[in-house]
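Trainee: I have a structure open and would like to learn how to read it. Could we go through some features one at a time?

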Number of protein chains: 2
Amino acid sequence: MSLLDRILAGDRLALARLLTQIENESPAGFEALSGLFPRTGQAHMVGITGAPGTGKSTLVNRLALELRTRTQARVAIVAVDPSSPFTGGAILGDRIRMRDLTGDPGIFIRSMASRGALGGLARTTAAVVDALDGAGYSWILIETVGAGQAEVEIARTAHTTLVIEAPGMGDDVQAIKAGILEAADVLVVNKADLPGADNAVRALQSSLELASAVPRVWDHHGRLEPVDATQEARVAWVPPVLKTVAALGEGIHEVVDAILNHRTYLETTGGRARRDRDRLSHEVHALLSDRLLAEFLDSHASADLGAALEKVFARQASPRQVVESLLAARR
Amino acid sequence: MSLLDRILAGDRLALARLLTQIENESPAGFEALSGLFPRTGQAHMVGITGAPGTGKSTLVNRLALELRTRTQARVAIVAVDPSSPFTGGAILGDRIRMRDLTGDPGIFIRSMASRGALGGLARTTAAVVDALDGAGYSWILIETVGAGQAEVEIARTAHTTLVIEAPGMGDDVQAIKAGILEAADVLVVNKADLPGADNAVRALQSSLELASAVPRVWDHHGRLEPVDATQEARVAWVPPVLKTVAALGEGIHEVVDAILNHRTYLETTGGRARRDRDRLSHEVHALLSDRLLAEFLDSHASADLGAALEKVFARQASPRQVVESLLAARR
C-alpha cells in the first residue's frame, strides 16, 4: 500500500511521515503531495496570530475541540514558530498539546519550527496545509507564534484570520499592531478575567475603526492594494471583538460562531474563491523564484559567481552591478 | 552638481532624496548607490531588536548621542518597522525622534515601513545601509520593531546585534526568544528601575548558557550552521547582559563600551570580514533571485503562466507540477 493510499485510508502515521518528507523537501514527499492536490480545496483554514503571553495555544486547543464537537469534521492544528530557528521547542510543544487533545483520532497536530530562511518556512507551511486539506481535514488551524509581518505572511494562507490579544500587554502594543489588525477577520481578547479586558476591547475597536477607513487586500505579489469594492464586499464584514477565558472554556462557543459566520460570508460573496486564488498564485510565484535561482546556481554561469562575489567583497562593484553582469554574461 | 557629489559634500537633503529613490527602486537611485559603493565597508553597523514596550527607541536615541560624543564620528539611525505594512507610522516616529536629536548635523535618522513583501524590505534596508556607509556615516544603528525572525533577518545586516528586554514582559517571552538570544552580541535589560529587572537579567543569563552550548552562525543562504571553531572564535565572545534606564540616561556608557569592545573583538578575530562577506553574499543571492523571476515573468514563457494558474485553481495540477511544466516548456 503506497504512502498516499495509507493517508487516504486515514493512517495518521503515514500522514505524519508525508509532512516530514515535505519539511525535508524530499522528492517522494512532493510526489505524494501532487497526488493529494486534486482532493484539496475542501478545508476551511483559520489563521491565528497573537503575541506570546496571550494564551493563544490554549485558545487554539479549545477551538479545535469545539469545532470537532459541533461540526463532527476532522480538525488539524499547524503550529508555526518562525521566531525559533534554533531550538527544538516545537517538539516539546507538540507533547504538551498532545496531552490535552489526545484520544481523539479526528484531531491532528503538527508543529513547525523554522529550518531555514523565512520564505522557506512560509512555503513549507503552504505545502503542509495543502497535504492536510487533501488528506481530508475540514478545519485547519494555523497558529503562528508572534505577530510580526512574518506571521501575517503565514496567516495569509488562511480563509479566516483571528488576532488574539490579552489585557495588560502594554499600551503601545495596541498601536504597533495596527497593521496586523487590518488583516484580522475576528479579534479575541483572551484572559478576559484579568483587569483591563474592557479597555483592550475598546482599544481594538478604536483601531478597527481607524483601519476600516481604507480597506485593503493583499495582491498576488504580497503587496497591499486598496480593495475594489465591486470585487469583494470586504468592507461589509465587520470583524467582531470577542472576549474569552480559554483556560476555563469561556467564550469559545462565540468565537466558533464567528468563524462559521465568516466562512458563510466568504462563500456567499465569492471571497473564498478569491482568497484561494491569491494564495495559490502566491505559492506558484514563490516556487518559481526558488527554482529559477537553483537552476541558475547549477548552470555554468554560476562559475562566475565566486569571482563576482570577490569583486563585491573588495568593493570594486556593487551587488547590483555584479548581478547585472552575471545575467548579461549568460545571454 | 550631481546627487552623488552633493551627498559626498555632506548634503543631508540629497542623501534623504537618494534613500527615497532607493525605496522607490528607481534606476537613478541604484546608479548613485553603485557610485557610493566603493566607499562602503567603513561603517560599523549595530542591529537593535526587542519587543514593543522595551523602550527601544529611547535607548537607540541615547546610544546615538553617546556614540557621537565619544567618537566624534557621524551616526545614522535606520528604524525599520516590518509589522506595520499599512500605516504611515514611520513618519510620525521620525518627527518625534527628530525633536529629540535635532540640531546635530552629525546624526541622521531614517524610518522605513514595509511597502511590500518582507524580503523586499530586507533588501531595501541593506541598500539604504550601504548608502549611509558610502555617505560617510561611521555608526549605523539599525533598529527593528518587534523580535520575530523577520527582525533577526534584518538585524543580520549588522556587525553587532543588541537585544533589548524589559522587566515584566511575561515569563514566556524569555523562553520564546531563545532563538533570538543566540543571535545577540550584547543583551540589555532596559527600564531596569522597574521591579523584576534582576529576574530578567538572570533569565537572560540562563538562556545564554543554554544557547552557548551549540554556537551557530548564518550561512550564505540564511540557514543556520554550527560554527567551525577554527573559522572564527565566536565562542570566545561572551555576550554581556547590561542594565539601563534609557529615559534617565543610566547605563548608556556601559552599553557603548560593550559595542566598542565587540567591534574590537570582531576586528581582531577576522569576524568583521566574515560578517561583511556573509551579508554581501546574501544580498547578491537575493537580488539575483528577484531579477531571475522578473526576467522569467517578462519572457514569452510567462504567457503560459495564466493558463498554468487556472489549472492550479481547478486543482488539476499542483503548484509544483505547473512550475516544472513552465520551466520545461521554456527549454
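**Reading the model**

Mentor: Begin with A:D133, which lies in helix α6 (residues 118–134) of chain A. Helices (H or I, at least four residues) and strands (E, at least two) are DSSP runs, numbered from the N terminus. This is a predicted model, in which local features need pLDDT of at least 70 and side-chain atom pairs count only at pLDDT 80 or more, while totals for chains, interfaces and linings use all residues. Residues are numbered from 1 along each chain as its sequence is written, and chains are lettered from A and ligands numbered from 1 in the order in which they are written.

Trainee: Is A:D133 buried or exposed?

Mentor: A residue is buried if 20 or more other C-beta atoms lie within 10 Å of its own, exposed if 12 or fewer, and partly exposed in between, with C-beta atoms placed from the backbone. A:D133 is buried, because 21 other C-beta atoms lie within 10 Å.

Trainee: Which residues does A:D133 touch, not counting those up to four places away in sequence?

Mentor: Two residues are in contact if their C-beta atoms, placed from the backbone, lie within 7 Å. On that basis A:D133 touches A:T40, A:G41, A:Q42, A:A43 and A:I140. The C-alpha atoms of A:D133 and A:F37 are separated by 8.4 Å, though these residues are 96 apart along the chain.

Trainee: What do the figures for chain A as a whole look like?

Mentor: Chain A has 14 helices and nine strands. Of its 331 residues, 48% count as buried. Take the contacts in chain A between residues at least 6 apart in sequence: 74% of them join residues at least 24 apart.

Trainee: Where is A:A247 found?

Mentor: A:A247 is in the loop between β9 (241–243) and α11 (252–269) of chain A. A:A247 counts as partly exposed because it has 13 C-beta neighbours inside 10 Å. Leaving aside neighbours within four places in sequence, A:A247 is in contact with A:G55 and A:T58. A:N190 is 57 residues from A:A247 along the chain, and their C-alpha atoms are separated by 9.2 Å.

Trainee: What is the phi of A:Q72?

Mentor: Phi of A:Q72 is near 60°, a positive value in a residue other than glycine. A:Q72 is found in the loop between α4 (56–71) and β2 (75–81) of chain A. With 9 C-beta neighbours inside 10 Å, A:Q72 counts as exposed. In chain B, phi of B:Q72 is also near 60°, and B:Q72 is exposed, with 9 other C-beta atoms within 10 Å.

Trainee: How should I read a strand?

Mentor: In a regular strand the side chains alternate between the two faces of the sheet. Strand β1 (residues 44–50) of chain B is mostly covered, with seven of its seven residues buried. B:H44, B:V46, B:I48 and B:G50 point one way from β1(B), while B:M45, B:G47 and B:T49 point the other way.

Trainee: How many bridges join β1(B) to strand β5 (residues 160–165) of chain B?

Mentor: Two strands pair if DSSP finds at least two bridges between them. Four bridges join β1(B) to β5(B), and the two strands run parallel. One of the partners in β5(B) is B:V163, bridged to B:T49.

Trainee: And how do I read the sides of a helix?

Mentor: An α-helix has 3.6 residues a turn, so residues three or four places apart point the same way. The buried residues of helix α3 (residues 27–36) of chain A are A:G29, A:A32, A:L33 and A:L36. They cover an arc of only 105° around the axis (the arc of the directions from the helix axis to the C-beta atoms), which puts them on the same side of α3(A).

Trainee: At what angle do helix α13 (residues 305–313) and helix α14 (residues 319–330) of chain B pack?

Mentor: Axes are lines fitted to C-alpha atoms, for helices over the stretch in contact, and angles run from 0 to 180 degrees between N-to-C directions. α13(B) and α14(B) pack at an angle of about 160°, with their axes 9 Å apart. That makes α13(B) roughly antiparallel to α14(B); angles under 35 degrees count as roughly parallel, over 145 as roughly antiparallel, 65 to 115 as roughly perpendicular and the rest as oblique. B:L305, B:A308, B:K311 and B:V312 in α13(B) meet B:P319, B:V322, B:S325 and B:L326 in α14(B).
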